[in-house]
Amino acid sequence: MSTILIKAATLVNEGKIYVADVFIKDGLIEEISPVINRSADQEINAEGLHLLPGMIDDQVHFREPGLTHKADIFTESMAAVAGGITTFMEMPNTVPNTLTQELLADKYQIASEMSLANYSFFMGASNDNIEEVLKTDPAQVCGIKVFMGSSTGNMLVDNEQVLDNIFREAPMLVATHCEDELTIRTNMAAFKEKYGENITIDMHPLIRNDEACYISSSMAVSLAKKHNTRLHILHISTAKEIALFDAVTPLKDKRITAEACVHHLWFSDQDYATKGNLIKWNPAVKTAADRDAILKGVLDGHIDVIATDHAPHTIEEKAQAYLKAPAGGPLVQHALSALLEMYHQGKISLEKIVEKTAHNVATCFQIDKRGFIREGYWADLVLVALHDPVKVTKANILYKCGWSPFEGQTFKADITHTFISGNLAYQKGKFMTNETGKRLTFNR
């Protein structure tokens with residue numbers, strides 16, 4: 001029975017900031033009090049540090065199995081933990097695509113042996129696997145992923161009858177990537193006619209434009225309203241889409257929710273000139289006005305959670321010409337740091353960061369006993385030194401791909417300790433890999 005006592009931490013939790021001690025026993029938070037005088041196996045002096053519930057990232061691509069030259073569950077979960085992400089939910093566009101219950105079980109087995117963070121894996125939907133989809137256990141799996149836009153392999157669901165069936169019959173949360181394929185193909189054809197193979201990265205948000213996003217997102221919302229589906233739309237990237245979502249209904253009662261990603265809150269199309277394909281994502285990073293509207297949507301409740309869409313590729317793959325370079329980039333190590341930088345910039349409060357990265361994700365997915373600093377809950381916790389600057393360099397990047405779109409950026413805050421289910425997994429640059437994270441369970 002291991003115990004940890006965190007002394008004099010400044011807790012950021014459920015809309016409040018206050019100093020307290022936290023006692024952890026057997027992975028769970030046993031006591032939160034102004035002063036705790038108990039002996040523990042390990043005592044941590046957290047005076048001057050902020051204690052946050054660990055970020056729960058509801059959208060990552062860790063590339064295992066099948067694409068492990070880019071990333072794997074071990075390396076990326078370590079990077080996540082160093083970045084204050086204690087839990088991840090991973091997407092099904094690995095190789096082979098996660099389209100059967102057997103392939104889904106294989107990923108859970110890998111994570112049980114290799115993941116330093118807590119984990120869950122989405123079941124993938126295609127045009128022809130609805131029987132497998134409907135076997136998914138809502139209490140054991142985070143959700144069903146539907147690509148309503150370009151995807152890897154056999155995962156683009158563009159059959160309207162199949163989409164209708166999934167939305168009608170899904171026994172759990174359905175997470176969607178919404179970009180209209182016809183709009184994108186039409187735009188691409190027009191740009192190719194004008195520029196041939198010489199299309200450049202600055203044209204990316206014009207090809208994968210706001211209309212492509214809105215058409216697909218509005219269709220998903222319409223289907224969800226028709227069938228009362230529990231819909232979660234991922235990576236909102238346009239101002240136009242925000243009006244599709246409800247900012248009034250309490251999150252626990254919402255049937256339709258939305259996610260923003262760190263890159264859409266940080267970068268704009270003005271950054272393509274310096275960052276190039278390193279910030280090529282689908283959906284595309286768009287205008288500064290879109291970026292500002294997404295942040296406003298996060299702050300006012302139209303958008304419920306913040307995630308990363310961590311999707312690494314090798315630097316060689318990214319160095320290709322625009323048309324060949326894949327979309328996606330690594331973010332889990334620096335997402336919370338970027339949000340804390342936005343706090344320093346006066347754009348978002350610490351309380352709101354915690355709400356959108358932990359509390360709301362737990363509520364949205366009905367995760368059991370995580371996402372809050374509460375007695376009886378798992379101790380998924382992060383200690384942060386708010387005024388201890390760290391510069392992102394090649395030497396301290398932990399992703400298997402070895403690069404970051406934030407390289408050269410100095411963040412004012414440093415993540416010093418990360419606790420995973422009560423295990424001190426990371427401390428000031430050092431990892432304790434003796435314990436793996438735990439599989440999420442869900443109250444549904």
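Q: Which residues lie nearest the centre of the second largest pocket?
A: Gln333, Val390, Asn396, Asp414 and Tyr426 do, out of 17 lining residues. This is a predicted model, in which local features need pLDDT of at least 70, side-chain atom pairs count only at pLDDT 80 or more, and totals for chains, interfaces and linings use all residues. Residues are numbered from 1 along each chain as its sequence is written, and side-chain values use heavy atoms, with hydrogens and water left out.

Q: What makes helix 12 roughly antiparallel to helix 13?
A: Helix 12 (residues 335-344) and helix 13 (residues 350-365) pack at about 150°, with axes 9 Å apart. Axes are lines fitted to C-alpha atoms, for helices over the stretch in contact, and angles run from 0 to 180 degrees between N-to-C directions. Angles under 35 degrees count as roughly parallel, over 145 as roughly antiparallel, 65 to 115 as roughly perpendicular and the rest as oblique. Helix 12 is therefore roughly antiparallel to helix 13.

Q: Why is helix 4 called oblique to helix 7?
A: The axes of helix 4 (residues 160-169) and helix 7 (residues 210-227) cross at roughly 50° and come within 9 Å. That angle makes helix 4 oblique to helix 7.

Q: Which residues of helix 12 meet helix 13?
A: Leu336, Leu339, Leu340 and Tyr343 meet Leu350, Ile353 and Thr357 in helix 13, where contact means heavy atoms within 4.5 Å.

Technical notes: Helix = DSSP H or I, 4+ residues; strand = E, 2+ residues; numbered from the N terminus. 1 Å grid on protein atoms, 1.4 Å probe; cavity = no way out; pocket = protein on both sides within 12 Å on 5 of 7 lines; lining within 4 Å.
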